[in-house]
Amino acid sequence: MSDDFRLGAVIITMGNRPAELNALIESVRAQQGPPVELAVVGNGAPLPVLPEGVRSVELPENLGIPGGRNVGIELFGPDGRDVDAVLFLDDDGLLPNTDSAELLRAAFTADPGLGIVSFRIADPETGTTQRRHVPRLRASDPLHASRVTTFLGGASAVRSAVFPQAGQLPAEFFYAHEETDLAWRALDAGWSIDYRPDVVLHHPATSPARHATYFHNVARNRVWLARRNLPAPLVPLYLGTWFLLTVLRRPSGAALKAWLGGFRAGWSEPCGPRRPMKWSTVWRLTRLGRPPII
């Protein structure tokens, strides 16, 4: 029975969007079916007054997006074992539909091999979905559901059983590509990932470059992603492809300088444990339309 499938939602906040946070919490509490448990992490920031029953913690420093979410997972017990799946929601997002939790319960219950669900992000004013928010190469139709090879960190649900097998999010990444790192490890452990456009999160259309360290982290973490997860022969192919694509996109001088600095840091700084994926996983990624050289 899908109603027996327990959901918990992790929200991390920097404390600067209390009205949006409250609206998101209310949209989670309005979901049909059994209540979704809530956990809010103040990521180096004090928390506002929260509704009764919300699990919470205030961290003394900002651990980054993956580090903060990992703390939220643990608020549901080791590896989130108090619930069957953990939702990750951006604090300025909103669940506009009240059946999202029921759709997730049904999806996970119907497919025991389904490890991760990526939601559709839509702008609340226009209803449009940015191309970068569709986690596949063929992204022209955001209403098309499919199996995918990565997911959207702030609009997703991960089965708790994935964490003991694949690990949690890579905290050292701080921001950028942490979802793909977990996705590759989950796929290597045999789990599947679905993009579900019927599960919608409203979120204002933004540019990822609004983050001051965006270009540095994107480059550094791309190198770390390859060093941690790819078989050795694929590492130069993957990174060479992304180096060429970055240059062809002709970023500004400042952006390119930050990107190159991050690329160098990716080689010189420790990236955490290396666990190269199986060649069968490489083939699986390829069949899903995203070979790990791009």
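Is Asp 92 buried or exposed? Asp 92 counts as buried because its relative accessibility is 16%, where buried means under 20% relative accessible area, exposed over 50% and partly exposed in between (1.4 Å probe, protein chains only).

A quick word on ground rules. This is a predicted model, so local features need pLDDT of at least 70 and side-chain atom pairs count only at pLDDT 80 or more, while totals for chains, interfaces and linings use all residues. Residues are numbered from 1 along each chain as its sequence is written, and side-chain values use heavy atoms, with hydrogens and water left out.

**Salt bridges**

The structure holds 15 salt bridges, each a side-chain nitrogen of Lys or Arg within 4 Å of a carboxyl oxygen of Asp or Glu. Here are some of them.

| Pair | N to O distance |
|---|---|
| Asp 92 and Arg 17 | 3.5 Å |
| Arg 105 and Glu 102 | 2.8 Å |
| Asp 194 and Arg 147 | 2.4 Å |
| Lys 278 and Asp 188 | 3.4 Å |

Back to Asp 92, whose salt bridge partner is Arg 17. That pair links distant parts of the chain, 75 residues apart: Asp 92 is in the loop between strand 4 (85-90) and helix 3 (100-110), and Arg 17 is in the loop between strand 1 (7-13) and helix 1 (18-29). Helices (H or I, at least four residues) and strands (E, at least two) are DSSP runs, numbered from the N terminus. Arg 17 is partly exposed, with a relative accessible area of 30%.

Arg 105 is buried at 0% relative accessible area, whereas Glu 102 is partly exposed at 25%.

Then there's the salt bridge between Asp 194 and Arg 147. Asp 194 sits in strand 8 and Arg 147 in strand 6 (residues 146-147), so this pair also joins distant parts of the chain, 47 residues apart. Asp 194 is buried at 15% relative accessible area, and Arg 147 is partly exposed at 35%.

Salt bridges also form a network here, linking Glu 172, Asp 181, Arg 185 and Arg 228.

**Where the domains meet**

The domain assignment gives domain 1 (7-202) and domain 2 (211-288), with bounds that come from an automatic or database assignment. Their centres, taken over C-alpha atoms, are 24 Å apart. The contact (heavy atoms within 4.5 Å) takes 21 residues from domain 1 and 23 residues from domain 2.

About 2000 Å² is buried between the domains, with carbon and sulfur atoms giving 57%; buried area is the accessible area (1.4 Å probe) that two parts lose on being put together, summed over both.

The rule finds three salt bridges across this interface. There are also 15 residue pairs in polar contact between the domains, both residues at pLDDT 80 or more. A polar contact is a pair of N or O atoms within 3.5 Å; within protein, one must be able to donate a hydrogen and the other to accept it, and residues adjacent in sequence count only if both atoms are side-chain atoms. On the side of domain 1 that touches domain 2, helix 5 gives the largest share, six residues.

Finally, Ser 192 is in strand 8 (residues 192-202) and is buried at 9% relative accessibility. Its side chain makes a polar contact with the side chain of Arg 284 (3.0 Å).
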